Amino acid sequence: MITLRGRSVEFNKAAMESGSPLLRLTTNRARPTPLRALEAFVYEGGEMPDGFGWYLLRSPDAMTRVPVGVPAAMLPAEFDHLADGDVVRLEPSRGGLRTLFRKAVPYNHFLLTERCNNYCLMCSQPPRAVEDGWIVDEILEALPLIDRQATEIGFTGGEPTLLGDRFIELVKAANSHLPATALHILSNGRTFAAGTLARDLGAVRHHDLMMGIPVYADLAHLHDHVVQANGAFDETIRGILALKAHGVRVEVRVVLQQQTIARLIPLAQFLARNLLFIDHVALMGLELTGFARANLEQIWIDPADYQAELAEAVGILDRAGLRTSIYNSQTCVLAPSIRRFARRSISDWKQEYMPDCTGCLAKNECGGFFSSAKIRYSRAISPITEYAT
């Protein structure tokens, strides 16, 4: 795992008097002078360059080299991963640092709000009824600092669309500041049912936008039970229809758990017959944190026990021409016939492998485990020691 936030950072006196800045990091000693004042130089040795607004240091003795009156911080070893182009929030009063963007990884996500109108049994980010509008302000401040060649960023929640006009403001800002970067947004889709927000989102004409929306069953009452919201299925389907009507690409997401497996094949048939115009289907393994951990006995099913259903569902979707992927699953557990659909989808900062994986030839292609999987994972985990011919 990689540490993205912590409170073990040591700041100098100037830093303690400088507020809590949001900064892009650089290791480039040749940065143009006008940019230096807006950035933090990550110092790893040699001559200390002048003119930077902040200095982040790798060694304690470097603190004496920082120009007088310039804020600086000593980075503990847990932040050794920070590199050129990353964006961080420094919090001197708390000894804190939060990583908002990492240039070296292809996918970074931003939580827009903790509020939600669903209460999903397996939610890994349990909703809270809080006033957290400050998050939007922070993201709007961060977007101009992100590398313009970033592959993809994501917006998630909570339910991002509860932000209303501010949600559209964020999408517009991402489109403006990151003209070559894909935007993937996770939503339950319900707010789009009325059509107005779908119209406004389509009107942004984002160059590469995908909405990821969960559909957990072909039966309304079962989907509504999983998300703990009456009428959610109807609103979600109408939301998908509204988005597509306004030219917005849609990915349907299905979390594979005990209560969705029983209807997985009928759901695949439902999608192939009624929503053939969607752009992607993601079949996703559980992340055992948040509500998923609290409701583990209700939702857990060993992935080894649903491979037949998963293989048939993937076959139905694939034959229908629907682009299909399997996320958060381990190669050795998947039926050989569907391994080609598997993707390495777990973010590196929370991805791990178990001792059982030692010696596996497929480790570089395998999605691995969420760090939370230590509490329970498939009995079928076994290293692949030779490739089938």
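I'll start with a cysteine: Cys 357 has a relative accessibility of 10%, so Cys 357 counts as buried. What we are looking at is a predicted model. The sulfur of Cys 357 has its closest cysteine sulfur in Cys 366, and at 6.3 Å that is too far for a bond.

Cys 120 gives a second case. Its relative accessibility is 15%, so Cys 120 is buried as well. Which cysteine sulfur is closest to the sulfur of Cys 120? The one in Cys 123, 6.0 Å away, and that too is too far for a bond. A disulfide is a covalent bond between two cysteine sulfur atoms. The cut-off used here is 2.5 Å between the sulfurs. Over the structure, the number of disulfides is zero.

Next, the sheet. Seven strands form an open sheet, in the order β9-β10-β11-β12-β13-β14-β15, and the pairing is parallel. Which strands stand at the edges? They are β9, residues 107-111, and β15, residues 324-327; each has a single partner strand, so one side of each has no neighbour in the sheet. From one strand to the next, the twist averages 25 degrees.

Now the charged side chains. Side chains of opposite charge can pair when their charged atoms come close. How many salt bridges does a search of the whole structure find? It finds 29. I will go through three of them.

My next pair is Lys 244 and Asp 279, whose side chains meet in a salt bridge at 2.8 Å, N to O. Lys 244 belongs to helix α7, while Asp 279 sits in the loop between α9, residues 264-274, and β14, so this pair ties together parts that are 35 residues apart in sequence. Lys 244 is partly exposed, at 24% relative accessibility. Asp 279 is partly exposed too, with a relative accessible area of 22%.

There is also a network. Salt bridges with shared partners join Arg 89, Glu 91, Arg 94, Arg 98, Glu 138 and Glu 141. From that network I take my last pair, Glu 91 and Arg 98. Their side chains meet in a salt bridge at 3.2 Å, N to O, and both residues are buried.

One more residue before I stop, and that is Ala 311. Ala 311 lies in helix α12, residues 307-319. What does Ala 311 touch, leaving out residues up to four places away in sequence? Ser 337 and Ile 338. Compare that with Thr 3: Ala 311 and Thr 3 are 308 residues apart in sequence, and their C-alpha atoms are 36 Å apart in space.

To recap: a predicted model, an open sheet of seven strands, 29 salt bridges and zero disulfides.

Technical notes
Residues numbered from 1 in each chain as written. Predicted model: local features only at pLDDT ≥ 70, side-chain atom pairs only at ≥ 80, totals over all residues. Heavy atoms only, no water. Pairing = 2+ DSSP bridges. Helix = DSSP H or I, 4+ residues; strand = E, 2+ residues; numbered from the N terminus. Axes fitted to C-alpha atoms, helices over the stretch in contact; angles between N-to-C directions. Contact = heavy atoms within 4.5 Å. Salt bridge = Lys/Arg side-chain N within 4 Å of Asp/Glu carboxyl O. Buried < 20%, exposed > 50% of the residue type's maximum accessible area, 1.4 Å probe, protein only.
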